[in-house]
Amino acid sequence: MLHSSHIQCLQTLLGDGALNVDPDMLTAYSKDWSSVPAQLPLAVVKPHNSAQVAKFMQYCHKHAINIVIQGGRTGLCGGATPQRNEVVLSLERMNHIVSVDEKAMTMTVEAGATLEQVQNKALEFGLDFPLDLSARGNCTIGGNAATNAGGNRVIKFGMMRDLVLGIEAVLPNGNIVGGLNSMMKNNAGFDLKHLFIGSEGSLGIITQLVLKLVPRSDESVVVLCAATCLDNLILLLSKLRRENAQNLSAFEVMWADYFDAVIDIQQLARKPFAANYAIYALVEFQGQDKAALQTMSETLLGEAIEQGLVEDVIIAQSLQDNADIWAIREAIAELLSRVKPFIAFDISMPISDMQDFVNTSKQRVADKYPKARYFAFGHLGDGNLHLTISYPHPEQLHAIEDEVLKIAGKMGASISGEHGIGVVKKDFLKYSRSDSEIALMKAMKNMMDPNNILNVGRVLNT
Ligand SMILES: Cc1cc2nc3c(=O)[nH]c(=O)nc-3n(C[C@H](O)[C@H](O)[C@H](O)COP(=O)(O)OP(=O)(O)OC[C@H]3O[C@@H](n4cnc5c(N)ncnc54)[C@H](O)[C@@H]3O)c2cc1C
């Protein structure tokens with residue numbers, strides 16, 4: 001219960017409209033994209049600036065009010081889904097681009113701006129913010145930092161952690177920390193931004209960020225390849241890295257179960273390839289010279305066919321072709337919404353182990369849960385395998401997840417390459433982290449949030 005006296009105090013503290021308890025409005029804030037059941041929050045608070053976030057947190061710290069932070073609610077681990085008796089702190093009104101420094105190639109932005117907003121603003125200056133994922137229109141830049149998001153272009157530009165220069169955050173007790181550092185080098189003591197990047201809101205609220213921008217690549221060529229096995233695609237990736245690393249910006253792999261399902265969903269008049277293959281890759285090259293990119297793609301992929309690495313290839317000839325090929329990979333959003341309930345895995349491992357892992361986990365799931373559907377795809381370039389397993393009985397999802405993540409743990413893989421732990425994977429953290437690592441994480445949480453009010457039960461059992 002949020003006592004009516006708290007509601008009045010918070011309304012006075014934050015001003016009109018910042019706190020809402022209307023049940024019709026609360027529904028929209030009751031879940032994220034995971035299969036974690038929806039839960040109405042006690043209230044939703046939407047501050048306008050960091051000072052308001054700080055005042056709000058001081059109050060909650062003093063009165064032990066539990067808070068869950070929400071960005072765009074596209075998270076796949078239930079971290080942004082309210083638990084019982086939580087108030088939502090939504091960053092949606094803090095969505096301004098504060099400034100762009102064209103010469104230094106940096107952008108200062110409030111945490112509630114969407115990734116797409118950030119990307120579009122950079123383009124206006126002939127620059128690019130290279131993080132990219134298909135949830136770009138809804139996910140927020142603060143959520144991207146909180147989850148250390150990866151996405152499609154990690155192979156060239158790294159993860160969110162590599163693209164952040166500075167972070168301002170509000171601690172659970174309401175103190176504001178972190179300057180908006182925009183320097184490349186700053187070894188003056190601990191680099192505190194890394195406490196907040198990837199800790200999924202359990203240590204503080206990211207309110208503003210300074211981002212690194214890169215020169216905009218005006219041209220790109222996207223290629224769709226069909227192959228008989230993952231080993232051949234690994235050889236293709238290695239060839240492209242050796243022979244044209246500077247232009248290679250994405251290497252995404254899709255096993256036939258994923259590829260066939262999304263081709264079905266898209267109801268294309270004609271399938272991309274006349275024959276069916278075991279596995280497919282989307283390869284993207286970016287650069288400034290369209291003709292050079294086109295010639296290079298044709299040469300390299302022609303050689304790959306001669307070397308027997310790929311069976312068939314479609315090289316995009318236009319922007320529309322580029323978009324059509326990306327649409328196959330990005331149909332994951334559509335697939336997820338059709339196969340609910342599901343578990344979305346994001347296991348990270350050496351690429352040489354990937355096929356073995358796919359075979360073993362698929363077989364194990366099929367033996368124990370014959371009604372399960374299994375879709376495999378991933379960012380091959382950065383060793384990150386996405387599996388989606390859907391199953392009609394939601395109460396069994398946890399057990400299926402345990403089966404799969406246990407296999408991952410035994411192989412020395414990480415149970416999360418990019419989505420994070422949230423509430424859905426916290427019981428499995430032990431498969432990838434030692435007892436002493438988990439104990440240190442808990443000690444840090446306890447030190448920064450002694451009253452245990454912020455994103456409680458996300459990442460760790462606290
Ligand atoms: C279709 C689809 C495709 C996706 N593809 C990818 C992908 O390729 N790569 C990838 O990495 N992820 C992917 N995701 C997952 C998701 O988009 C990312 O995790 C994203 O970074 C979450 O951002 P958000 O603003 O939606 O965060 P939310 O879902 O709102 O929150 C996620 C977590 O971060 C916390 N949080 C949010 N904002 C803040 C803040 N300002 N300060 C502190 N904590 C905060 C929340 O409490 C929660 O624990 C995908 C999701 C979907 C639905």
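In the predicted model, an oxygen atom of the ligand is placed 2.9 Å from an N or O atom in the side chain of Thr147, a polar contact being a pair of N or O atoms within 3.5 Å, where within protein one must be able to donate a hydrogen and the other to accept it, and residues adjacent in sequence count only if both atoms are side-chain atoms. An oxygen atom of the ligand also lies 2.8 Å from a polar backbone atom of Gly71, and a nitrogen atom of the ligand is 3.4 Å from a backbone N or O atom of Gly151. The ligand taken alone exposes 970 Å², of which the protein buries 97%; accessible areas come from the Shrake-Rupley method with a 1.4 Å probe, and for residues only the protein chains shown count as cover.

Because the model is predicted, local features need pLDDT of at least 70 and side-chain atom pairs count only at pLDDT 80 or more, while totals for chains, interfaces and linings use all residues. Residues are numbered from 1 along each chain as its sequence is written, and side-chain values use heavy atoms, with hydrogens and water left out.

The ligand is surrounded by 36 residues, the closest being Ile69, Gly71, Thr74, Gly75 and Thr140; a residue is near a molecule or strand if one of its heavy atoms lies within 4 Å of it. By class, this shell holds 14 nonpolar, 19 polar and three charged residues, where Ala, Val, Leu, Ile, Met, Phe, Trp, Tyr, Cys and Pro count as nonpolar, Asp, Glu, Lys and Arg as charged, and the others, Gly among them, as polar. At least two residues of the shell come from each of S3, helix H5 (141–146) and strand S10 (205–212), and H5 gives the largest share, four residues. Helices (H or I, at least four residues) and strands (E, at least two) are DSSP runs, numbered from the N terminus.

Strand S3 belongs to an open sheet of four strands with mixed pairing, in the order S1-S2-S4-S3; two strands pair if DSSP finds at least two bridges between them. Strand S1 (19–20) and strand S3 (67–70) are the edge strands, each pairing on one side only. Helix H3 (residues 50–63) packs on this sheet and touches S2, S3 and strand S4 (87–90), its direction making about 160 degrees with that of S4. Contact means heavy atoms within 4.5 Å; axes are lines fitted to C-alpha atoms, for helices over the stretch in contact, and angles run from 0 to 180 degrees between N-to-C directions.

Arg73, in the loop between S3 and S4, has a positive phi near 60 degrees. Asn148, in the loop between H5 and helix H6 (154–157), likewise has a positive phi, of about 45 degrees.

Seven strands form a further open sheet, with antiparallel pairing and the order S15-S12-S14-S13-S17-S18-S16. Its edge strands are strand S15 (312–315) and strand S16 (342–348), and the twist averages 15 degrees from one strand to the next. Seven bridges join strand S17 (residues 373–379) to strand S18 (residues 384–390), with Arg373 partnered by Ser390. Helix H14 (residues 354–368) lies across S13, S16, S17 and S18, at about 15 degrees to S18. The peptide bond from Lys340 to Pro341 is cis, with omega near -10 degrees; Pro341 is in the loop between helix H13 (332–338) and S16.
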